[in-house]
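Here is a short briefing on one protein chain. Please keep the sequence and the 3D view open as you read.

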Amino acid sequence: MMNWLLPEYIQDMLPDEAWRIEAMRSELLGLLRRSGYQLVAPPLLEYAESLLINESEDMDLRSFKLVDQLSGRTLALRADITPQVARIDAHLLNRQGVTRLCYAGSVLHTQPSGLMRTREPLQIGAELYGHAGIESDLEVQRLMLQTLALIGIDGVHLDLGHVGVFSALVRHAGIAHGLEADLFNALQRKDVPGVRALAAGLPQDVQAALLALPQLYGGIEVIARARAVLPAYPEVAAALDQLGQAAAHLKGLAHDIGIDLAELRGYQYHSGMVFAAYHAGSHDAIALGGRYDDVGKAFGRARPATGFSMDLRQLHGLLAKQAQPQAIYAPYRQDAALDAAIARQRAQGEIVVVDLLGKAEHRAELNCDRELVLRDGNWVVAAIRN
């Protein structure tokens, strides 16, 4: 049995990747802290029902489950940290005003969420609770783009959508839940013949609007096209207004901005504007977010909310490779003066590696370009001569 093999889509992080991802995590959490977001660290394991948003079937299928030997109840390994942060806001902090929270931690998926994706993403994100206006949507969207820029990811394409358009059509036409789910799936695939067949018995204006949604994607000009072809429902007009404001506000922060009115990712729990960042180096979105008002209802306290999340392991794959900094070599010796010299260098931020083996054939593995040498009774740093 090959005990060194890992399950499919589960990988170790070796030193170069692990150190750089840790530096990215620290940089991003620093930005979030400076922006007023407070760090929380929920557990990896919870009761299964606590980890589902609005009983999301998608989240249920993505979650590993097991039986708790203490209580006999079903536990789940988190597939997303967002429900946990909503629980903390609703039940533990119980603040009345605006609450800004951030997090960073591993999640586990039963299936990879995209091509070449790990089943153990390292998720980092931010959530804003207690404010229902577009101002909080804009803050979160802007912050997501700033985090990507901070770690050196440029050329980002931002996609904006709004689930309020589809939900308004469903509500005005009185569409039953089963048909709503089928239409949702067809729209996600941009399956126009499928949408046409499913919408055949609906009012003409709703049929026309549903058939138009898969075509309403492209640049900011899509908003004007949508106003011309969609019903003049107040909810639709408000959604299009919000998309226009967001596109204007974020101009310059992204390489380009697109509108996609058939983008309904997370429709089961999103309630307003949704957004995703894309990059030429990835087949999948590199950051996702949106508004999900009343998500805390399952925990006894409904609150408006908006937020975003991203996978640090995925982002690392978009960056140019970077070698680890080289260290200072120190011989192993019982010498108080050497110990003091090593301590001084480490206090100044240098990496000092003590060579326990003392074998010349292994020295290259220590990644050192300088060494501590004894000169005139003092230990000093000198370049290593090849």
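This is a predicted model: local features need pLDDT of at least 70, side-chain atom pairs count only at pLDDT 80 or more; totals for chains, interfaces and linings use all residues.

The protein has 386 residues, and 47% of them count as buried. Its secondary structure comes to 12 helices and 16 strands.

**Overall picture**

- Taken along the principal axes, the C-alpha atoms fill a box of roughly 95 × 55 × 50 Å.
- Take the contacts between residues at least 6 apart in sequence: 67% of these join residues at least 24 apart.

**Helix H5 and its two partners**

- Helix H5 covers residues 163-173, and helix H8 covers residues 204-212.
- The axes of H5 and H8 lie 10 Å apart, at an angle of about 160°.
- An angle over 145 degrees counts as roughly antiparallel, so H5 and H8 are roughly antiparallel to each other.
- The crossing of H5 and H8 is left-handed.
- On the H5 side, Phe166, Leu169 and Ala173 take part in this packing; on the H8 side, Val206, Ala209 and Leu210 do.
- H5 also packs with helix H10, residues 234-250.
- Here the axes come within 9 Å and cross at roughly 180°.
- H5 and H10 are therefore roughly antiparallel as well.
- H5 meets H10 through Val165, Ala168, Arg171 and His172. The H10 residues in this packing are Glu235, Val236 and Ala239.

- Helix H1 spans residues 15-34, and its axis comes within 10 Å of the H4 axis.
- The two axes cross at roughly 145°, and the crossing is right-handed.
- H1 contributes Glu27, Leu28, Leu31 and Leu32 to the packing. H4 contributes Leu143, Gln146, Thr147 and Leu150.
- Leucine 143 sits in helix H4, which runs over residues 134-150.
- Is leucine 143 buried or exposed? Its relative accessibility is 3%, so it counts as buried.
- Leaving aside neighbours within four places in sequence, leucine 143 is in contact with Leu31, Leu32, Ser35, Tyr37 and Phe308.
- Leucine 143 and leucine 31 are 112 residues apart in sequence, yet their C-alpha atoms are 8.8 Å apart.

**Buried residues in loops**

- Leucine 51 lies in the loop between strand E2 (45-47) and helix H2 (57-62).
- With 2% relative accessibility, leucine 51 counts as buried.
- Which residues does leucine 51 touch, not counting residues up to four places away in sequence? They are Glu46, Met59, Ala76, Leu77, Arg78, Pro83 and Gln84.
- Threonine 82 is 31 residues from leucine 51 along the chain, and their C-alpha atoms are separated by 8.6 Å.
- Histidine 270 is in the loop between strand E9 (256-260) and strand E10 (273-278).
- The relative accessible area of histidine 270 is 14%. Buried means under 20%, so histidine 270 is buried.
- Residues up to four places away in sequence aside, histidine 270 touches Val163, Arg265, Gly289, Gly290, Arg291 and Tyr292.

**Positive phi in two asparagines**

- Asparagine 94 is not a glycine, but its phi is positive, near 55°.
- Asparagine 94 belongs to the loop between helix H3 (82-93) and strand E5 (99-106).
- At 40% relative accessibility, asparagine 94 counts as partly exposed.
- Asparagine 367 also has a positive phi, of about 60°, although it is not a glycine.
- The loop that holds asparagine 367 runs between strand E14 (352-355) and strand E15 (368-375).
- Asparagine 367 is partly exposed, with a relative accessible area of 31%.

**Aromatic rings and charges**

- How many aromatic pairs does the structure hold? The count is 0.

Note on methods: Residues are numbered from 1 along each chain as its sequence is written. Side-chain values use heavy atoms; hydrogens and water are left out. Rings of Phe, Tyr and Trp (its six-membered ring) pair if their centres lie within 6.5 Å; planes under 30 degrees apart count as stacked, over 60 as edge-to-face and the rest as tilted. Helices (H or I, at least four residues) and strands (E, at least two) are DSSP runs, numbered from the N terminus. Buried means under 20% relative accessible area, exposed over 50%, partly exposed in between (1.4 Å probe, protein chains only). Contact means heavy atoms within 4.5 Å. Axes are lines fitted to C-alpha atoms, for helices over the stretch in contact, and angles run from 0 to 180 degrees between N-to-C directions. Angles under 35 degrees count as roughly parallel, over 145 as roughly antiparallel, 65 to 115 as roughly perpendicular and the rest as oblique. A crossing is left-handed if the near helix is turned anticlockwise from the far one by less than a right angle, and right-handed if clockwise.
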